[in-house]
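Please keep the sequence and the model in view while reading.

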Amino acid sequence: MMSTRRGRTLASIGLWVIILIVVTLIGSTLPSATQLLVTTSLVLLTGVMALQIFSGNSGILSFGHVGFVGVAAYTTGILAMPAAVKRTSLPLLPEPLQEVELPIVAAMLGGILAATIVGVISGLVIARLGDAASIATLAVLIILHGVMVGAEPFTRGSQTFYGVPRYTSIFVAGITAILAVIVARLFRDSRIGIHLRASRDDALAASTAGVRVQYATLIGWIVSSVIAGAMGAAYAGLLGAFSPKDFYFTLTLTLLTMLIVGGSGSVAGGIVGAFVVTLVVEALRRVGDANEFFGLTNAGLAIIILLTLYFRPRGLLGFREPEEFLAYRKSPTPPDADAAGALPVRNENPGQTVLCGHNLVKNFSGLVALNHVSVDVEAQHVMGLIGPNGSGKSTFVNCVTGVTKPEEARLTLAGEDIARTPVWRRARKGLGRTFQTMRLFRELTVLDNVTVSCISAGMSPHEADQRALQILAVLGVAHHGNRLAGELPYGDQRRVEISRALALNPRVLLLDEPAAGMNPAESRELLRQMETILATTGVGMLLIDHDVALIRSACDSLTVLDYGKVLAHGEPQAVLDQPEVAAAYLGWRESDPSATQEIGATGTERKSL
């Protein structure tokens, strides 16, 4: 059962549900003070799961979720409070709400809905901010706190909001926490969850693998706001009376400490962190009360975070779930059938032009990186692109894939204009690429690196895992499937990156120095694998490399760039025989017959392009 993603998810959910049920049942038999401590820890666990869903999967530290907790708490309190109490505690409340008195479950759902609405509105901004999103979440907290203080008819301002029924028993808290854990674990291995974890490691690489980074961030934010709302609804019934200061920095620090200590990247880490920190906070509170050390709890939380970041930067349980550690102890079983036969196939006619990049112009602060460059790629053919350092090769690929916006360009993919298409959509339409400087999702497994692209190609996570393993087998790295991508030797990492691009079912593969760092034997093996891919899939390739032997052997045609212009184009050997190509390739401006002979005949000269 543990061998598949679905099996691991179900096993994890079953294990934690059983543990939380046992904790709830045992806690219900304990003295009232201890029972209250267990109930509080379960409510806080719900909030930690909200943070894990967003911050754990996106890598964006959120300070704003406690604001959602407050919105839900106040809304639930207003809806659940008896009408007679409301007339006393909230005399300025609008008349329609004065008479509303919903059942507890309906009131809690109302609080969750209010938090979700606020989450949707704020998420539309947060999702667009990228690296600045973490600071923006602090603004969300401050704004919501200001609203809670200012909305006196609804919240009594900075005064205590009282009269909420004390409905959150240990069983209500336990059920809420269990539902939060189930949602968090299902989300982590869902399509959006996997895509969001990829963007956490490298947003640019994720976009070129077909990930809608902003959309995944938005969905993660909204789902987490729902769970934060669930905490707020339960927290209102636990406290009975509260004020805006209860939903500000102290609670934020507590929840973040729980997440960081346990390990933000895993649901299990959040659960362990919630219980460990609850016990530490309770111990510090008792010491502080006994010795009149005010502020000891907050100081202790800060110290715990610092110690965790120093000794265990990934937390007690790290970024993997316990069941993943068990499942990943052995290599995945390679496909039984011929793996190459399972590769995605494009029904393009050999020689048909699938990518047209015409008249590309790109300037960087006055430097002309591309000067009306035109390159076409045909199906089942390899177009080579070479040139000296700074000649514009990688810039051309970046412009074609949308990473860099050119000043001028006419770009078509299979006849469709893609000049204004975003990066992720170009990838899904059939542009797969690798990078000159390798960009893998280093905190994901090799299998998950390729699964990300398979999901972008329209597969379910279960189907994507199977297809990813087949593609990895073609490139000879399937046995590394359960290892973290950052642990692999350099050459194998290159193959994983090619596998990820191939998993998009591309029309065109744009390979930016795929043989960099490989020895001659590895380059020959890569060439054989490229031939298999061409023969099987019908994909067209644009190959950038400084291995002249590889270029000569692999390419059907060759284009040479120099100072952002096309210097030569044609059949590889004929192009390499040109004196001006030898001069540019070696960095000389005066042709030398010996240099031409060295490149054109031996193919042994290698120079960084």
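On a 1 Å grid over the protein atoms alone, a cavity is a set of points where a 1.4 Å probe fits but cannot get out; lining residues have an atom within 4 Å of a point. Grid points are joined across faces, edges and corners, and a volume is the space filled by probe spheres set on the points. The model is predicted: local features need pLDDT of at least 70, side-chain atom pairs count only at pLDDT 80 or more, and totals for chains, interfaces and linings use all residues. Residues are numbered from 1 along each chain as its sequence is written, and side-chain values use heavy atoms, with hydrogens and water left out.

One cavity of 30 Å³ or more is present in the structure. The largest cavity holds about 40 Å³ of space. Its lining consists of Thr208, Ala209, Arg433, Phe435, Ser453, Arg500, Ala501 and Leu504.

The next topic is the sheet. Helices (H or I, at least four residues) and strands (E, at least two) are DSSP runs, numbered from the N terminus. Two strands pair if DSSP finds at least two bridges between them. Six strands form an open sheet with mixed pairing, in the order E6-E7-E8-E3-E9-E10. Strand E6 (431-433) and strand E10 (565-570) are its edges, each pairing on one side only.

| Strands | Sense | Bridges |
|---|---|---|
| E3 and E8 | parallel | four |
| E7 and E8 | parallel | five |
| E9 and E10 | antiparallel | five |

Leu543 in E8 is the bridge partner of Gly384, while Leu542 in E8 is that of Leu510. Leu558 stands opposite Gly570 in E10.

Why is E8 largely enclosed by the rest of the structure? Five of the five residues of E8 are buried (under 20% relative accessible area, with a 1.4 Å probe and protein chains only). In a regular strand the side chains alternate between the two faces of the sheet. From E8, Gly540, Leu542 and Ile544 point one way, and Met541 and Leu543 point the other way.

Helix H22 (residues 520-537) lies across strand E3 (382-386), E7 and strand E8 (540-544). The helix H22 runs at about 155 degrees to E8; axes are lines fitted to C-alpha atoms, for helices over the stretch in contact (heavy atoms within 4.5 Å), and angles run from 0 to 180 degrees between N-to-C directions.

Definitions and conventions
1 Å grid on protein atoms, 1.4 Å probe; cavity = no way out; pocket = protein on both sides within 12 Å on 5 of 7 lines; lining within 4 Å. Buried < 20%, exposed > 50% of the residue type's maximum accessible area, 1.4 Å probe, protein only.
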